[in-house]
Amino acid sequence: MKTKVQIPESNYAPRLFQDGEMARLFSTAMDVIQQAAEYRGVCHEPHWVSKVVAPLMTELERLSSFASARNRGIETLDISEVLIAPRELCPTSPSGAFADANKKVDYAIALKLSQSEKRTLNQGTYCMDGPVSINQATSSFVSIKPMPVCFEVKIDDRDPLIQLGTWNAAEFEKRHREGYPMTVPIPSVAIYGDYWQLSIAFAVVVPAKDRRKDAKPYRVQFLGPIEMGNTCSVDGVFRILHFLKALVKWSLEIYEPVYLQKVLAMAKRG
């Protein structure tokens, strides 16, 4: 009988991951904690992302439980330079158009597509003009990637929910214009330095009688935040990994059949 790998200082980890993964995950957790201690308060945001956040995203791709789930893999994408496009998807504010910094987020979990699915989406017909896209971006490397979960990182006093809210509002507007399902929420992870929080963005239908003139038939709201863990301790890191694992499970078991398959079916009809 295989024995469990005992992880010091953490009662949270051993029951959540497979035995063969534990030594590697513990090593990654220790590296992340050490990097966080070294760079906390003294580095720029991109460096914090590369040293503290990126290793956890890489581990998410490597978890064996996702290697064969529904024969569809997942990937984590650095989309920090991908802007919302076209511009008409971006919400406006009383002071004018949002700054470009507010039109992008740092990371996304994406579902991998088969070559057949890629051809279907590339050859589909879409309501919005411009480059082929199933999401709120027209950048070529993400435009047909289903991205059910998004992440934004901040290491100062700025609020990552501002950019997550803008990104999610653009996603729901894209869904509305294309006729994609509006009922599927968008899990959004706000990373405040060491501390990770989960919020859920969802669209609420606004009846015609309750709308202002020319207002949208829906509004976007957030549920949360929920504390996911931190990069200060082993237990905190494994809590983050547990939440990330649950988000991928939701992406494969709920988002994929309810949302992605509908998008693919609409592209085939187009």
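Predicted model: local features only at pLDDT ≥ 70, side-chain atom pairs only at ≥ 80, totals over all residues.
Thr-166 sits in helix H4, which covers residues 160-178. So what does a polar atom of its side chain have beside it? The backbone oxygen of Ile-162 is 2.9 Å away from that polar atom of Thr-166.

Staying in helix H4, have a look at Arg-175, which is also part of that helix. Is Arg-175 buried or exposed? Buried, because its relative accessibility is 1%. And which residues does Arg-175 touch, once we skip those up to four places away in sequence? Tyr-180, Pro-181, Met-182, Val-184, Pro-185 and Ile-186 are on the list, and so are Tyr-255 and Tyr-259.

Let's zoom out to the whole chain. The protein chain has five helices and eight strands. Reading from the N terminus, the order is α-α-β-β-β-β-α-β-α-β-β-β-α. The chain has 270 residues, and 50% of them count as buried. If you take contacts with a separation of 6 or more, 69% of them are between residues 24 or more positions apart.

Now, the inside. The largest nonpolar core has 55 residues, and the ones touching the most other members are Trp-48, Val-53, Leu-121, Phe-151, Val-189, Trp-196 and Leu-244. Which elements give two or more residues to this core? On the helix side we have H1 (19-39), H2 (45-62) and H5, and on the strand side S4 (107-111), S5 (149-154), S6 (186-192) and S7 (195-205). H5 gives the most, with 18 residues. There's also another core lying apart from that one, with 23 residues, including Leu-77, Val-82, Ala-110 and Leu-164.

Leaving out residues up to four places away in sequence, Val-189 touches Val-149, Cys-150, Phe-151 and Glu-152, then Leu-164, then Trp-196, Gln-197 and Leu-198, and finally Met-228 and Leu-247.

How many residues does H5 have? It has 36, running over residues 234-269. From first C-alpha to last, H5 reaches 49 Å, close to the 52 Å expected at 1.5 Å a residue. Where does H5 bend? At Glu-256, by about 60 degrees, with a proline, Pro-257, following within four residues.

Prolines bring me to the peptide bonds. Most peptide bonds are trans. Here, though, Ala-85 and Pro-86 are joined by a cis peptide bond, with omega about 0 degrees. Pro-86 is in the loop between strand S1 (74-78) and strand S2 (92-93). Another cis bond goes from Gly-224 to Pro-225, and omega there is near 10 degrees. Pro-225 belongs to strand S8, residues 218-230.

How values were computed
Residues numbered from 1 in each chain as written. Heavy atoms only, no water. Expected span 1.5 Å × (residues − 1). Bend = angle between axes of the 7 residues up to and from the residue. Polar contact = N/O pair within 3.5 Å; in protein donor to acceptor, adjacent residues only side chain to side chain. Core = buried A, V, L, I, M, F, W, Y, C linked by side-chain atoms within 4.5 Å. Buried < 20%, exposed > 50% of the residue type's maximum accessible area, 1.4 Å probe, protein only. Contact = heavy atoms within 4.5 Å.
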